[in-house]
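This report describes selected parts of one protein model in plain terms. Please look at the sequence and the structure before reading on.

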Amino acid sequence: MAHTFHIPVLGLGFSVDTPLKVAKYGISSVASIVDDQLIERMRKFHLEKGGKPYQEITNKEADFRSKRITAYLNMMDEFVNEQFNKLKEEDFESGKEINKYFDLLSEISPLKRKYMEMLDEKDHTLKHRMQLDLKESMQKGAIDVNIMAKVDKLNFDGNGAEINSDALEALRGFALSNLDSSVVLSAGMNQRLYAYIENFKDFYPDVAGSIKKKIILKVSDFRSALIQGKMLAKKGLWISEFRIESGLNCGGHAFATEGYLLGPILEEFRQKKESMFNELFEIYNKALTEKNIETALRPFSKISVQGGIGTAEEDSFLLDYYQLDATGWGSPFLLVPEATNVDTETLKNLVKADKNDFYISGSSPLGVPFNNFRLSSIEKLRLERIEKGRPGSPCTKKYLVSNTEFTEEPICTASREYQNHKIKELKAANLSEKEYQEEFQKVTEKVCLCEGLATSTYIKNEILKPKENNAVAICPGPNIAYFSGEFSLEEMVKHIYGKINLLGNTNRSNLFINELNLYIDYLKKDMSASLKDLNDKKVKYFTKFQQQLENGINYYKSLIPSIHNQTEIYKKKMMDELLELESKLLKMKFV
């Protein structure tokens, strides 16, 4: 692995072709493979841009979704290999791209040290040999993919017979591709999807013990990691990486824990990971034996973390103290035009925004809290539609259909059809004006993410169709508020490794404090919304939530002296903020 960080999935389209932009420099990134329509259009765009023939895969073909995904991933694999091989063929003259590969590496990277030694070498023969060795050691970044396990709409053929669901088709598309990389499974468990993985040989070790298609499990705590790890191990499937993500201090959908904070979660992984790996390997080995597959050694498995990391000091502390293999930096890369697909207007709005412009909303049709941006054009369109008396969106892609309150077939809660039905129901419910407005807001807050999270990609690459909606949805994590600017790839990577500081003199708290703040605000909002119908179950939930936050605060009090790479002034500020938040938490009452 060339780098100690990766770029996580960013919406549907923001990172859909990021591997084509960063993999040649050894940087791994994750592309969403939910939207086959977006993927097919991007395949056409890149093939035509590269002067290569494009043959459309129409929706009339059998298994068209998985075929589109396979074709797109194969195209990216081919293009990245071409880019990487071309890079390796270059000499080390000043200004050549190959030098950028090594310049981007961390100063503590063994490969970077060898590169610096090569530059200092005076003997031409030895220098040439060192250059050949460097080229042999170069690694391209992985083209990883993401599947939201719960976004799994059932599909039917022309005769009404059930065929593969959306998540299964996406998995099949990846499994049949040429890629030697990983699928990131996020957003909870899906037993049907887990069972389907068993059908593809690339997820099992070959005779040398190598696994071509690896599984990365995005998790929010140790318990869920162990439970899901066991489920997959029983099927002979190994988790190559547990990717821990902050419940609230992240982009996209926010899957809040019941008050379990990131620090204590990482501590539990640090203490128990070895025993977990051994337990999983025992189950895994038994399952492989039953499948007549031999494996002598435990496959390698990584632990990584993402969500809210903002400085090189935080990054290095997480890696060192919690003995992690990698970190994820997502939302800040939305400000890096050469790495992600953010249109000019949205980018300008992100740059000028402050922290109040980023908030956790009820915008997602999935009914899961969603990180939203007040200055997005889709939010403006949503309000305009309400003002015109036409709330809701046309529903064309139907990836998030799930509701059957008013229809036999599931429809999306962001759709005009659903919102019209729901508003009529509210009007007939004899609610007070205040109650009606509260419920109306909940209904009309939903926006079409299927279209909105892809639109920016179409606009930036100039492939938006004439009558296509140009409203952009974007879902950065709150941490992006501290980055005020548009940056190059080189600048962002140098910031991650501590060579430069893109935050300037921004007054930003430690990532653990920021997450704690988000959790206290989340709990306060949740408690306020539940006062009318408070019951024993909710009281028990809030009590546990509050206790877990208090446990987390006590953990951080003991942790602060161990933060070895910060000043005493920094640590005192962190402790003061911690005590202030503790006081705020203790004042919160729900009974």
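Which residues does Thr444 touch, not counting residues up to four places away in sequence? Thr444 touches Arg382, Ile386, Pro391, Gln419 and Ile423, where contact means heavy atoms within 4.5 Å. Thr444 is found in helix α15, residues 433-444. With 1% relative accessibility, Thr444 counts as buried. Buried means under 20% relative accessible area, exposed means over 50%, and partly exposed is in between, for a 1.4 Å probe and protein chains only.

The model is predicted, so local features need pLDDT of at least 70 and side-chain atom pairs count only at pLDDT 80 or more, while totals for chains, interfaces and linings use all residues. Residues are numbered from 1 along each chain as its sequence is written, and side-chain values use heavy atoms, with hydrogens and water left out. Helices (H or I, at least four residues) and strands (E, at least two) are DSSP runs, numbered from the N terminus.

**The barrel**

Strands of a sheet pair through backbone hydrogen bonds, either parallel or antiparallel. Here, two strands pair if DSSP finds at least two bridges between them. Eight strands form a closed barrel in the order β1-β2-β3-β6-β7-β8-β9-β10, with parallel pairing. On average, neighbouring strands of this sheet are turned by 30° against each other, direction ignored.

Strand β7 (residues 214-219) can be followed to either side. Strand β6 (residues 182-186) pairs with β7 in the parallel sense over four bridges, and Leu185 stands opposite Leu217 in β7. Strand β8 (residues 239-245) is joined to β7 by five bridges, and the two run parallel. Ile244 in β8 is the bridge partner of Val219.

Are these strands buried or exposed? Five of the six residues of β7 are buried, so β7 is largely enclosed by the rest of the structure. In β8, seven of the seven residues are buried, so this strand is also largely enclosed by the rest of the structure.

Helix α10 (residues 262-290) lies across β7, β8 and β9 (302-306), and runs at about 165° to β8. Axes are lines fitted to C-alpha atoms, for helices over the stretch in contact, and angles run from 0 to 180 degrees between N-to-C directions.

**A pair of antiparallel strands**

Strand β11 (residues 358-361) and β12 run antiparallel and are joined by four bridges. Phe358 stands opposite Phe373 in β12. From strand β12 (residues 370-373), Phe370 and Asn372 point one way and Asn371 and Phe373 the other way, and all are buried.

**Two helix pairs**

Two packed helices are described by the angle between their axes and the distance between the axes. The table gives both values for two pairs.

| Helix pair | Axis distance | Axis angle |
|---|---|---|
| α2 (residues 36-49) and α3 (residues 64-89) | 9 Å | about 35° |
| α18 (residues 511-530) and α20 (residues 568-586) | within 11 Å | roughly 10° |

The angle of roughly 10° between α18 and α20 makes α18 roughly parallel to α20, a term used for angles under 35 degrees. In their contact, residues of α18 including Phe512, Ile513 and Leu516 meet residues of α20 including Met574, Leu578 and Leu581. The residues of this contact of α18 with α20 divide into nine nonpolar, one polar and three charged. Ala, Val, Leu, Ile, Met, Phe, Trp, Tyr, Cys and Pro count as nonpolar, Asp, Glu, Lys and Arg as charged, and the others, Gly among them, as polar.

The crossing of α2 and α3 is left-handed, that is, the near helix is turned anticlockwise from the far one by less than a right angle. Among the residues that make the contact are Ile39, Met42 and Leu47 of α2 and Phe64, Ile69 and Phe79 of α3. The contact of α2 with α3 has nine nonpolar, two polar and five charged residues.

**Residues in loops**

Most residues other than glycine have a negative phi. Asn292 has a positive phi of about 60° although it is not a glycine. Asn292 is found in the loop between α10 and β9 and is exposed, with a relative accessible area of 72%. Lys398 has a positive phi near 60° and is likewise a residue other than glycine. Lys398 has its place in the loop between α13 (377-387) and α14 (416-427), and at 42% relative accessibility counts as partly exposed.

Lys201 lies in the loop between α8 (191-197) and β7. Lys201 is exposed, with a relative accessible area of 69%.

Terms used:
Parallel < 35°, antiparallel > 145°, perpendicular 65-115°, else oblique.
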